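Subject: Structure for your review

Dear colleague,

Please find below the structure that I am handing over to you.

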Amino acid sequence: MKINLISLIITLSVFCCSYTIAEEKVSNNNTNLDKRQSLGLTAAEKADFLAEMRQMLTSIQGIMDGIGTNNRALIIKSARYSGNRMARETPDSVKKKTPGTFKQLGGPTHMKFEELAVRAEDDEMSELAALTADLMKNCLACHAMFKVDK
Ligand code: HEC
């Protein structure tokens, strides 16, 4: 009898516990919890847009690698990749969808990559690291505000 009671308690607590976990999963899927503004991109626009984003992360990796190994050519090459070239390549359809606040963060981000490429010619590595950290504030600010999905 004692054993039966214990196993009943165990069964109940496992049931309660899994119920709570299941409930949490449902609420995590609730898009209302994600307050970021949607850019409402199509599937194709989204694929291109996110590929460019990953390239920007690749640029940051190259820049940090260059700063760490004193490789100015690598910093310049990595920064140029996400500079004006990338800004020019943004498709018109995406440009039309993005609001002013997005553009105010996006444009200057590419400009800062260009600035970094120029300053990497002879600035101190510590200054280049500080400039990269400053540039990355734009990544954070925009990510806090926008998402690609509807
Ligand atoms: C002007 C806005 C903006 C700026 C600036 C910006 N991003 Fe993004 N990024 C976005 C949006 C919007 C998404 C999609 C987020 C979502 O839908 O959850 C994104 C997604 C990403 C992703 C995920 C890619 C994927 O495949 O899912 C990476 C990585 C990323 N950004 C890197 C960066 C880096 C690094 C920087 C700065 C050097 C940066 N972004 C600057 C708007 C921006």
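The notes that follow describe what was found in it, from the overall layout to single residues.

**Confidence and overall layout**

Please bear in mind that this is a predicted model. The average pLDDT of the protein chain is 87, and 80% of the residues score at least 70. Residues 23-27 call for caution, as pLDDT stays under 50 there. For that stretch the model has one contact beyond four places in sequence. Where pLDDT is low, the predicted coordinates should not be read in detail.

The protein chain contains seven helices and two strands. Their order along the sequence is α-β-α-α-α-α-α-α-β. The chain has 150 residues, of which 14% count as buried. Of the contacts between residues at least 6 apart in sequence, 70% join residues that are at least 24 apart.

**The surroundings of the ligand**

The shell around the ligand is made up of 20 residues, and those that come nearest are M53, G106, C139, C142 and K147. Which elements supply at least two residues each to this shell? They are helix 2 (43-69), helix 6 (100-119), helix 7 (125-145) and strand 2 (146-147). Helix 2 gives the most, with six residues. By class, the shell holds 13 nonpolar residues, four polar ones and three charged ones.

**Helix 2 and the residue that follows**

Helix 2 has 27 residues, and its first and last C-alpha atoms are 39 Å apart, close to the 39 Å expected at 1.5 Å a residue. S59, I63, G66 and I67 are buried in this helix. Helix 3, helix 6 and helix 7 are among the elements that cover them.

After helix 2 comes N70, which is placed in the loop between helix 2 and helix 3. N70 has a positive phi of about 60°, although it is not a glycine. Is N70 buried or exposed? N70 counts as exposed because it has 9 C-beta neighbours inside 10 Å, and the cut-off for an exposed residue is 12 or fewer.

**Helix 6**

Helix 6 has 20 residues and reaches 28 Å from its first C-alpha to its last, close to the expected 28 Å. Its buried residues are T109, H110, K112, F113, L116 and A117. They lie on the same side of helix 6, because they cover an arc of only 150° around the axis. G100, K103 and Q104, on the other side of the helix, are exposed. The cover over the buried residues of helix 6 includes helix 2, helix 3 (72-81), helix 4 (84-89) and helix 7.

**Helix 7**

The 21 residues of helix 7 should span 30 Å at 1.5 Å a residue, and its end C-alpha atoms are 31 Å apart, which agrees. L128, L131, T132 and L135 are the buried residues of helix 7. Seen down the axis, these residues fall within an arc of 100°, so they line one face of the helix. The face turned away from this buried side carries the exposed residues S126, A130, A133, D134, K137, L140 and A144. Among the elements covering the buried residues of helix 7 are helix 2, helix 3 and helix 6.

L128 is buried because 20 other C-beta atoms lie within 10 Å, and the cut-off for a buried residue is 20 or more. Leaving aside neighbours within four places in sequence, L128 is in contact with I67, I75, L116, R119, A120 and D123. The C-alpha atoms of L128 and G66 are separated by 10.0 Å, although these residues are 62 residues apart along the chain.

The other example is A129, also a residue of helix 7. How many C-beta neighbours does A129 have inside 10 Å? It has 15, and therefore A129 counts as partly exposed; that number falls between the cut-offs for exposed and buried residues.

With kind regards,

A colleague

Methods:
Residues numbered from 1 in each chain as written. Predicted model: local features only at pLDDT ≥ 70, side-chain atom pairs only at ≥ 80, totals over all residues. Near = placed C-beta within 6 Å. Helix = DSSP H or I, 4+ residues; strand = E, 2+ residues; numbered from the N terminus. Nonpolar A, V, L, I, M, F, W, Y, C, P; charged D, E, K, R; others polar. Contact = placed C-beta atoms within 7 Å. Expected span 1.5 Å × (residues − 1). Arc of directions from axis to C-beta. pLDDT = per-residue confidence, 0-100.
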